[in-house]
Amino acid sequence: MESIAPPSKGSIANLSPDVLETPPLSLGQLTWRRFRRHKMANFGAIMLILLVLYAFGGAFVFSEAYANKTETGARLQAPSREHPFGTDTVGRDILARTIYGGQISILIGLTAMLVELVIGVTVGAISGFFGGLIDSLLMRITEAVIVIPQIFLLLVMAKYFAASIPNITILGRTFSGSVVVIILVIGVTTWPYLARIVRSQFLSIKENDFILAARATGTSTSEIIFRHILPNSIAPIIVSGTLSVASAITLEAYISFLGLGVRPPTATWGNMLEGAYNYIETAWWLWFFPGALIALIVLSINFVGDGLRDALDPHSRAI
Amino acid sequence: MTRYILRRLLQAIPLLFVISLVLFFLMQNMGDPIATMGGRNVTRSADRERLKRQLGLDKPIIVQYLYWLAGNDWAKADLDGDGIAETPGTRRGVLRGDFGLSLVNKKPVTQVIWERLPNTLLLMLTAEAMILIFALLIGIYSALKQYSTFDNIITTVTFLFYSMPVFFFALVTMYIFAVNFKKWGLPYLPTVGMFEPTAGKTPLQVAWHMVLPTATLSFGFIAGYSRYIRSAMLEAMGQDYVRTAKAKGLPKPEIVYIHALKNAALPIVTIIALDLPFLLGGAIVTERIFGWPGMGRLFLDHVSRGDTPVVMGILMMIAVAVVIFQLIADILYAWLDPRIRYT
C-alpha cells in the first residue's frame, strides 16, 4: 500500500508532545485563571482590598485617641467638612470610628473564621475518616451544638468571662476582653456546618483507590488524612471559610447591636449601630455609615466567595 | 421506615436530656434572680435567705436540675429555716408537664410563654408564607429567563439584599417609609408595636403594623432562597426528561411546575423544614427594632434576669422543635425522592 507522504518539516506533526501541550497547571494557577474571568468576583476582590486599606491605612491618618475623644459640645452634628461622617451622641467623630471599628470587625471576622476552621475541619476529618462509633458520637455532639442558641451561649459566656479577661494590647492597640469572648463564641457556634461538609467530603474521597494504595504501602493515618484526603477536599473548605468571614462580621454586628458585644469606647461597626434606631428621625448619619460599610464588606466577600466556588468547581470546564 | 423513625426518636431522647442538662448549667451563670425581687429596695439578707429556701435556690445545682425535671412534691423543703425539712414541694416537674413558675413575676411559665407565642407565630408564619411565595416566583421566573435583563437585575439585587444585615435594611425602610413619608405627608407605616393603643387591637391595625417587620424578616431569606431555587430549576430544566416532555409537546406550565419544579424542590423543602423550628425563637433583632412583643424579647428580658424556669421552657421548646423538624426533613426527603433508602 502506498505510504502517505510524510509531512514537511516545520508543520505541527513534527513537534514533539512535550512542546505541543501547555505545561500542567497547579490547582492554584487554574483557580486563579478561572477567578479572573468572573466579573463580579473581581469587583468584589477590589472592593475588599479597598475596604481593608480604608480600615488599616486610615490608622495613619487618624489616631485612636481621636476616634475615642468625646466632645459633648459637638454631639450629633450632621456631616460637615470638619467631620465628614458627622458626630455621634457623645461627640466622637464617626469617620475615625469607622476606621478603627473596621479594624476590629475585620479582625473578629478573620479570627473567628480561623477558630471555626480548626475545630470544624478536625471534627469533620476524624468523623469522616474513622466512621462507626466515633462518627455517631461526633455527629450527635454536632447536632447538640446546633441546637443551643447562639445568643444564649453568647450571653452566658459574656457574663462568665466578664471580669476575668483583661484588656489585651497588640500592636499598640488595646482591645477589651470582650473581643476574645466574641471570637470564641462565634467560632464555637459555627463549626458544625463546616464539620458536616468536611465529613461528607471525607466519606466520599475515602473510597477512592489511591487511598487503598496508600494504606497498602503502609502510609500512616495522619499522613493519609493530611497529605492525601485533605488537599483533595480543600475546595469546599476554602469557599466555606471565605463565606464564614462574612457571616462572622455580620454576627458580630448583630451581637453588638443588641448590646452584648464589644463594649464602648472600643468601636466596632456593630456597636456604632447600637441604639441608633432611636435617632432615626434626627440623625441618619449615626446608622447609615457603619451599616453601609458592613453591607459593602459582606457583599464583596460574598462576591469573592461565589467566584471562588465557581473557580474551584471541578465540574466546570472553562479555563 | 417506621423502624428508622423509631430509632431516631429514641436517639433523640438522650440528646434532649443532655441538652437540657447543659442549658441548665449554663443558666446558673446568668445572674441572680433574688437580687431584683425586692422591687425598688435592695433585698435584705434575711429575706434573701428565706427566698432562696422557698425557691429551692440554695440546693446544689444537680438537685435543682432534678427538681426541675421531676418535681419536688416527693421531697421536703425546709421553709422556716430551722434546719428540718418539713414542707413538701408543689412542683410536678417537666416530665409531668409542669414547667414551674417564673422567678420574675410568679406566673406559670406556660402562661408567660403563651402570652407571647401567638405574636411571634403570627409574624413568623406570615413572613414564611411571603418568603415561599416570592422566592418561588422570583426563582422560577429568573430561571426561565436566564441571562435576560430581568435575571441580571434580580441577581444583583438579591446579592445586595442577601449581604445586607437585617437591621440596616430595617433602618433604611424605617427611614424611607416611616420618617420620610411622614414628612412628605403620605400615609406612613408605623414602626413600633403591634397596634396603636388608642385604636385597639383590631386586625387592620395589626396588619398595618406588621408590614415593616415582615418585610424586614423576609427580604434576606427571599434573596437567598430565590438564588437557590434558580440554580436548582436551571439544573432540573437541563435534564433529559424535560427535553422529552418538550418533545412530546406538553404545555410549558405543565413542564415547569409539574415536572421540573417537583424535582428541583427537594433540597429547598429540606432547607425550609430545617429553618422552621428557629422561628419559634423569634427574631430578636427585628423585634427589638420594631418593638414587637414576641418571644425574642421575652427571651432576652428573662435571660438577663436569670429567670431559669422561663428560659428553660423556651429553650426546651426550641430544642424539641429542632429535633422533630430535622426528623421531618429527613422523612420528607426520603418520601419525595424514592431513590433514598434509610437503613
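**Figure 1. Confidence of the predicted model, chain A.** The mean pLDDT of chain A is 80, and 86% of its residues reach 70 or more; pLDDT is the predictor's confidence in each residue, from 0 to 100. This is a predicted model, in which local features need pLDDT of at least 70 and side-chain atom pairs count only at pLDDT 80 or more, while totals for chains, interfaces and linings use all residues. Residues are numbered from 1 along each chain as its sequence is written, and chains are lettered from A and ligands numbered from 1 in the order in which they are written. Within chain A, confidence is lowest in helix 1 (residues 17-20), with a mean of 62, and highest in helix 9 (residues 209-216), with 90. Where pLDDT is low, the predicted coordinates should not be read in detail. The model scores ipTM 0.73 and pTM 0.78.

**Figure 2. Elements of chain A.** Chain A holds twelve helices and two strands; helices (H or I, at least four residues) and strands (E, at least two) are DSSP runs, numbered from the N terminus. From the N terminus on, the order is α-α-α-α-α-α-α-β-β-α-α-α-α-α. Of the 319 residues of chain A, 38% count as buried. A residue is buried if 20 or more other C-beta atoms lie within 10 Å of its own, exposed if 12 or fewer, and partly exposed in between, with C-beta atoms placed from the backbone. Among the contacts in chain A with a separation of 6 or more, 69% join residues 24 or more positions apart; two residues are in contact if their C-beta atoms, placed from the backbone, lie within 7 Å.

**Figure 3. Packing of helix 5 and helix 8 of chain A.** Helix 5 (residues 94-130) of chain A packs with helix 8 (residues 178-205) of chain A at an angle of about 35°, their axes 5 Å apart. Axes are lines fitted to C-alpha atoms, for helices over the stretch in contact, and angles run from 0 to 180 degrees between N-to-C directions. The crossing of these helices of chain A is right-handed; a crossing is left-handed if the near helix is turned anticlockwise from the far one by less than a right angle, and right-handed if clockwise. The residues of this contact comprise 22 nonpolar, eight polar and three charged. Ala, Val, Leu, Ile, Met, Phe, Trp, Tyr, Cys and Pro count as nonpolar, Asp, Glu, Lys and Arg as charged, and the others, Gly among them, as polar.

**Figure 4. The side of chain B that touches chain A.** The contact takes 30 residues from chain B and 29 residues from chain A. Helix 1 (2-27), helix 5 (149-163), helix 6 (166-183), helix 10 (284-290) and helix 12 (308-336) of chain B each supply at least two residues of this side of chain B. Its largest share, six residues, comes from helix 6 of chain B. By class, this side of chain B has 25 nonpolar, four polar and one charged residues.

**Figure 5. B:Glu115 in its setting.** Chain B has twelve helices and two strands, and 30% of its 343 residues count as buried. B:Glu115 is found in helix 4 (residues 109-144) of chain B. B:Glu115 counts as exposed because it has 12 C-beta neighbours inside 10 Å. The C-alpha atoms of B:Glu115 and B:Met295 are separated by 9.2 Å, although these residues stand 180 residues apart along the chain.
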